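Hi,

Here is the structure I said I would pass on to you.

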Amino acid sequence: SFQHIIHLKFPQETVRVRVLRRCEELELSVPVQPLRRLVPATVYDEPQPYFLYGGFAFVGLTEPYLHEWGDDWIADAPQDLVHLALTGVQRRADEQPVILSRCFPSRRTAGYTHMADRQVVRVNGEPVINLQQMYSLVQEMHATSEFLAFEVYCTGGNAIVTTSTRVAQQTLEETMKLYRVPAAAAPELIEAHEAGAGAKGG
């Protein structure tokens, strides 16, 4: 099969193909390269980056995250996330899905707890590319917007999780104290955001 021929090749080797273009048959050499997986299959043995906003926790989706559902994670984990892990391909080199990993229970997150483990696709209408980009986006919007709206993927139609920026700050402080969360974000996210903000300002 054609797929078998592709698998016999090393990256950057070429495959000769014949194509029909404008009723003319052409023979082309096409370089092969592995598909870039959208969801990393492995992660290094170190804490994975995260950030909290209000009473919500966000992380980048990885296959080891899905392994938390056990050996049969392909059947037991949320199927839209499994589908991303098994078939997703990057459209750009830094793309990685971000998920709303947890809604910490409180009176301010009431009604949103069932939204956990869903992909965040937009924040105030801006597409989410990866965790670092989303963290910076949220920090910038927190300073300039009254409300933040997180659009999360749902089968049959996306849902919107909203919070006011004023309430979000209060909820974050309460959440960190109640659940003993040591930091609102991973150090690498904060450092990269500050470096990026400094570059813009400079």
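Let's start with the overall shape: the protein has a radius of gyration of 21 Å, whereas a compact globule of 202 residues would be near 17 Å. That radius is taken over C-alpha atoms, and the globule rule is 2.2 Å times the number of residues to the power 0.38. Along its principal axes, the C-alpha trace spans about 65 × 50 × 35 Å.

Before you go further, note that this is a predicted model, in which local features need pLDDT of at least 70 and side-chain atom pairs count only at pLDDT 80 or more, while totals for chains, interfaces and linings use all residues. Residues are numbered from 1 along each chain as its sequence is written, and side-chain values use heavy atoms, with hydrogens and water left out.

The protein has seven helices and nine strands (DSSP runs numbered from the N terminus: helices are H or I with at least four residues, strands are E with at least two). Of its 202 residues, 36% count as buried; buried means under 20% relative accessible area, exposed over 50%, and partly exposed in between, with a 1.4 Å probe and protein chains only. Among contacts (heavy atoms within 4.5 Å) with a separation of 6 or more, 54% join residues 24 or more positions apart.

Now the pockets. A pocket here is an open set of points on a 1 Å grid over the protein atoms alone, where a 1.4 Å probe fits, with protein on both sides within 12 Å along at least five of seven lines; lining residues have an atom within 4 Å of a point. Points are joined across faces, edges and corners, and a volume is the space filled by probe spheres set on them.

The largest pocket holds about 410 Å³ of space. It is lined by 20 residues, and Val43, Gln48, Pro49, Thr62 and Gln96 lie nearest its centre. Two or more lining residues come from each of β4 (56-60), α2 (63-66), α5 (131-144) and α7 (187-201). By class, the lining has ten nonpolar, seven polar and three charged residues (Ala, Val, Leu, Ile, Met, Phe, Trp, Tyr, Cys and Pro count as nonpolar, Asp, Glu, Lys and Arg as charged, and the others, Gly among them, as polar).

The second largest pocket has about 280 Å³. Its lining is made of 15 residues, with Arg91, Glu95, Gln119, Val121 and Val128 closest to the centre. Strand β6 (residues 118-123) gives the largest share, four residues. Nine of the lining residues are nonpolar, two polar and four charged.

Two loop residues beside that strand's entries in my notes have a positive phi. Most residues other than glycine have a negative phi. Aspartate 117, in the loop between β5 (98-103) and β6, has a phi near 60° and is buried because its relative accessibility is 17%. Asparagine 124 sits in the loop between β6 and β7 (126-127); its phi is near 50°, and at 31% relative accessibility it counts as partly exposed.

Leaving out residues up to four places away in sequence, threonine 171 touches Gly54, Gly55, Ser106 and Arg108.

Cheers
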